[in-house]
Amino acid sequence: MFDTNRMSLLGTTIVITELLSTLSAKECNRFNGTCCYNEYFDSSAGKCLICSHGSFGKNCHSSCKRGFYGHLCSKPCECEAHMCNEHTGCRTRQNKTSHEKDHIWMVVSLSILVLFVVSVICAVIYLRRGIKR
C-alpha cells in the first residue's frame, strides 16, 4: 500500500522547507502586491491571501506532491497515492459506489419478491383450510 514512515518524513520535510521559505521571505510587502511565500495577490480583494488547500509556494503556483493534501500540502493521505485528492484527501472509488448501489437495489428487489411469494403461499394455505371446514 504505502510506507507511512516515508510519507510522514516527506511531509515533515515539505512543511519545514515551506516554513523556512516563509521565514526568509524578506522581499514580501503586502501593500504593493508582492506577497509573502505561500500567499497570492487577490486583485478583487486588493490584498494578499494565504494559499488555498492543495497549493503552496510563491504565488501558490505549486500543487501538492503526490500523497499529500490540505493547507500547504502538510497532511499525508492515508490511502493509496493515486486515490489522494490534493484539496480534500482520500476520495472514494466511484465504481465501487455504483456497484454498491446496484447490489443494494438487487437485495431490496429480491427481499420484496420473497415477501410477496411467502404472502401468496400463506394466503393459499389459509384459504384451503377455510374451504375444508
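Predicted model: local features only at pLDDT ≥ 70, side-chain atom pairs only at ≥ 80, totals over all residues.
Residues are numbered from 1 along each chain as its sequence is written, and side-chain values use heavy atoms, with hydrogens and water left out.

Helices (H or I, at least four residues) and strands (E, at least two) are DSSP runs, numbered from the N terminus.

## Around Ser 55

Let us stay with the serine for a moment. Ser 55 is buried, with a relative accessible area of 10%. Here buried means under 20% relative accessible area, exposed means over 50%, and partly exposed lies in between (1.4 Å probe, protein chains only).

The side chain of Ser 55 reaches the backbone oxygen of Ser 52 at 3.0 Å.

Strand S1 (residues 39-42) and strand S2 (residues 47-50) run antiparallel and are joined by four bridges. Two strands pair if DSSP finds at least two bridges between them. Glu 39 has Ile 50 in S2 as its bridge partner.

Four residues sit between the strands of this hairpin, and Gly 46 takes a positive phi near 75°.

## Disulfides

How many disulfides does the structure hold? There are five, each a pair of cysteine sulfur atoms within 2.5 Å. One of them joins Cys 35 to Cys 48, with an S to S distance of 2.0 Å. Cys 35 lies in the loop between helix H1 (4-23) and S1, and Cys 48 lies in strand S2, so the pair ties together parts that are 13 residues apart in sequence. The link of Cys 35 and Cys 48 is left-handed, with -90° about the S-S bond. Cys 35 is buried at 11% relative accessible area, and Cys 48 is buried at 12%.

Another disulfide joins Cys 51 to Cys 60 (S to S 1.9 Å); this link is left-handed, with -95° about the S-S bond, and both cysteines are buried. Cys 64 and Cys 73 are also joined by a disulfide (S to S 2.0 Å). Their link is left-handed at -90°, and Cys 64 and Cys 73 are buried.

## Two further cysteines

Cys 77 lies in the loop between strand S6 (75-76) and strand S7 (84-85). Cys 77 is buried, with a relative accessible area of 1%. The C-alpha atoms of Cys 77 and Gly 67, ten residues apart along the chain, are separated by 5.4 Å.

Cys 122, on the other hand, is partly exposed, with a relative accessible area of 46%.

## A nonpolar surface patch

Which residues form a nonpolar patch on the surface? They are Met 106, Leu 110, Leu 113, Phe 116, Val 117, Val 120, Ile 121, Val 124 and Ile 125, with about 820 Å² of accessible area together. Patches are made of residues with over 30% relative accessible area and no salt bridge; like charges are joined within 9 Å, and nonpolar side chains (Val, Leu, Ile, Met, Phe, Trp, Tyr) within 5 Å. A salt bridge is a side-chain nitrogen of Lys or Arg within 4 Å of a carboxyl oxygen of Asp or Glu. Accessible areas come from the Shrake-Rupley method with a 1.4 Å probe, and for residues only the protein chains shown count as cover.

Ile 125 lies in helix H2 (residues 94-132) and counts as partly exposed at 42% relative accessibility.

Key: Polar contact = N/O pair within 3.5 Å; in protein donor to acceptor, adjacent residues only side chain to side chain.
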